[in-house]
Amino acid sequence: MAKSTGSRFSNVPRSHEKSGGLSSFDGSFPGATIRLAAGEAIAAGVVLYQEADLSAYPASNDDDDSRDIVGIATKGARSGGVVNIQYGGPLTVQSWSWTAGAKVYVGVDGALTQTEPASGYVAAVGIAISTTTILINLG
């Protein structure tokens, strides 16, 4: 694997580096990130899964085909563009208002919710560690 020029991570390609800021989200995401092709237009903050075509799509608790969650979009992306996805660690968004200590679930159409779904599949993506931060844990 080639080194990334100017990177503080010696053997990590730029597409896998931790990110330091967002232009379309009012927060920070110092956790682990990946980049995938967007299979459709994707908004920041949407829970994503990876389809067989290796593209990211919004996960939905009412769609069994979207159970393979890869993380949360940290920026929006156009269909066919590159979407930044955080799959672990803390994610802070100043406009969030979570109940600290409660789980955060996948809702319909990739929405994040603290209400455990009554139907469909139940997938927790993490836990709120403050009113504005969730700790993403897809395990």
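**Exercise 1.** Which backbone oxygen does the side chain of serine 66 reach, and at what distance? Determine also where serine 66 lies and whether serine 66 is buried or exposed.

*Solution.* The model is predicted: local features need pLDDT of at least 70 and side-chain atom pairs pLDDT 80 or more, while totals for chains, interfaces and linings use all residues. Residues are numbered from 1 along each chain as its sequence is written, and side-chain values use heavy atoms, leaving out hydrogens and water.

Step 1. The backbone oxygen is that of aspartate 63, reached at 2.9 Å.

Step 2. Serine 66 belongs to the loop between strands S4 (55-58) and S5 (69-73); strands are DSSP runs of E, at least two residues, numbered from the N terminus.

Step 3. Serine 66 counts as buried because its relative accessibility is 0% (buried: under 20% relative accessible area; exposed: over 50%; partly exposed: in between; 1.4 Å probe, protein chains only).

Step 4. Leaving aside residues up to four places away in sequence, serine 66 touches Tyr49, Pro58, Ala59, Ser60 and Tyr121 (contact: heavy atoms within 4.5 Å).

**Exercise 2.** Identify the bridge partner of alanine 37 in S6 and the residue opposite alanine 37 in S4.

*Solution.* Step 1. Strand S2 (residues 32-38) runs antiparallel to strand S6 (residues 82-93), with six bridges joining them; pairing requires at least two DSSP bridges.

Step 2. Valine 82 is the partner of alanine 37 in S6.

Step 3. S2 also pairs with S4, in the parallel sense, over two bridges. There, serine 55 stands opposite alanine 37.

Methods:
Helix = DSSP H or I, 4+ residues; strand = E, 2+ residues; numbered from the N terminus. Polar contact = N/O pair within 3.5 Å; in protein donor to acceptor, adjacent residues only side chain to side chain.
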